Amino acid sequence: MDIDVRGPRFGAAVTALVLAAVLVTGSDLLLVWQTLCFAAGAALGVQRTPYGLLYRTAVRPRIAPPTDVESPAAPRFAQAVGLAFAALGLIGQLWGPGWLGLAAVGCALGAAFLNATFGYCLGCELFLLLRRTMTVSR
């Protein structure tokens, strides 16, 4: 079942805010929260994350019906990429080196910002590139 493209963008906006707060405050708890959100998105799909639930119940009923939908596969892969960066950030933040935590969270923040602001999903593009590469190599 296809998903409304505005849902993942909304989730990316919330993610960007959370990751910016992590960089400003150094909060381990916020980074753990975001890591768990990415894990839920990778395992269950973006529509079943806390941010997806918030979009579906609080935002979606108040806006026009979607004019654009997409397969959930690429956003789900993007959540797995976000999970990898958040986990690296958590490792760096909790056990060091500190620069690893800052760099990983900064990269995840940059990707979330691009998606939220411009609708450009780096993880989705990576998914499509890998899928094309796998198809060509067969």
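User: How many helices and strands does the secondary structure of the protein chain come to, and which pattern does the chain follow along the sequence?
Analyst: In this predicted model, the secondary structure of the protein chain amounts to 6 helices and 2 strands. Taken in sequence order, these elements give the pattern β-α-α-α-β-α-α-α.

User: What is the radius of gyration of the protein chain, and what does the globule rule give for 138 residues?
Analyst: The globule rule gives 14 Å for 138 residues, and the value for the protein chain is close to that, so the chain is as compact as a globular protein of that length. The C-alpha atoms fill a box of roughly 45 × 45 × 25 Å along the principal axes. The radius of gyration itself is 15 Å.

User: What share of the contacts in the protein chain with a separation of 6 or more is accounted for by residues 24 or more positions apart?
Analyst: Of the 138 residues in the protein chain, 34% are buried. Among the contacts with a separation of 6 or more, the share that falls to residues 24 or more positions apart is 71%.

User: Is helix α1 roughly parallel or roughly antiparallel to helix α2?
Analyst: Helix α1, residues 6–25, packs against helix α2, residues 28–44, at an angle of about 150 degrees, and their axes lie 9 Å apart. Because angles over 145 degrees count as roughly antiparallel, the relation of α1 to α2 is roughly antiparallel.

User: Which residues of α2 do the α1 residues meet, and how many residues of the contact are nonpolar, polar and charged?
Analyst: From α1, the residues T15, V18, L19, A21, V22 and T25 meet L30, L31, W33, Q34 and F38 in α2.

User: How do the axes of helix α4 and helix α5 cross, and is the crossing left-handed or right-handed?
Analyst: The axes of helix α4, residues 73–95, and helix α5, residues 98–118, come within 6 Å and cross at roughly 155 degrees. That angle makes α4 roughly antiparallel to α5. As α4 passes α5, the crossing is left-handed.

User: Which residues make the contact of α4 with α5, and how do they divide into nonpolar, polar and charged?
Analyst: On the α4 side the contact is made by F85, L88, G89, G92 and Q93, while α5 contributes G98, L100, G101, A104, V105, C107 and A108. The residues of the contact of α4 with α5 divide into 7 nonpolar, 5 polar and no charged.

Note on methods:
Residues numbered from 1 in each chain as written. Predicted model: local features only at pLDDT ≥ 70, side-chain atom pairs only at ≥ 80, totals over all residues. Heavy atoms only, no water. Axes fitted to C-alpha atoms, helices over the stretch in contact; angles between N-to-C directions. Helix = DSSP H or I, 4+ residues; strand = E, 2+ residues; numbered from the N terminus. Parallel < 35°, antiparallel > 145°, perpendicular 65-115°, else oblique. Contact = heavy atoms within 4.5 Å. Rg over C-alpha atoms; globule rule 2.2 N^0.38 Å. Buried < 20%, exposed > 50% of the residue type's maximum accessible area, 1.4 Å probe, protein only. Left-handed = near helix turned anticlockwise from the far one by under 90°. Nonpolar A, V, L, I, M, F, W, Y, C, P; charged D, E, K, R; others polar.
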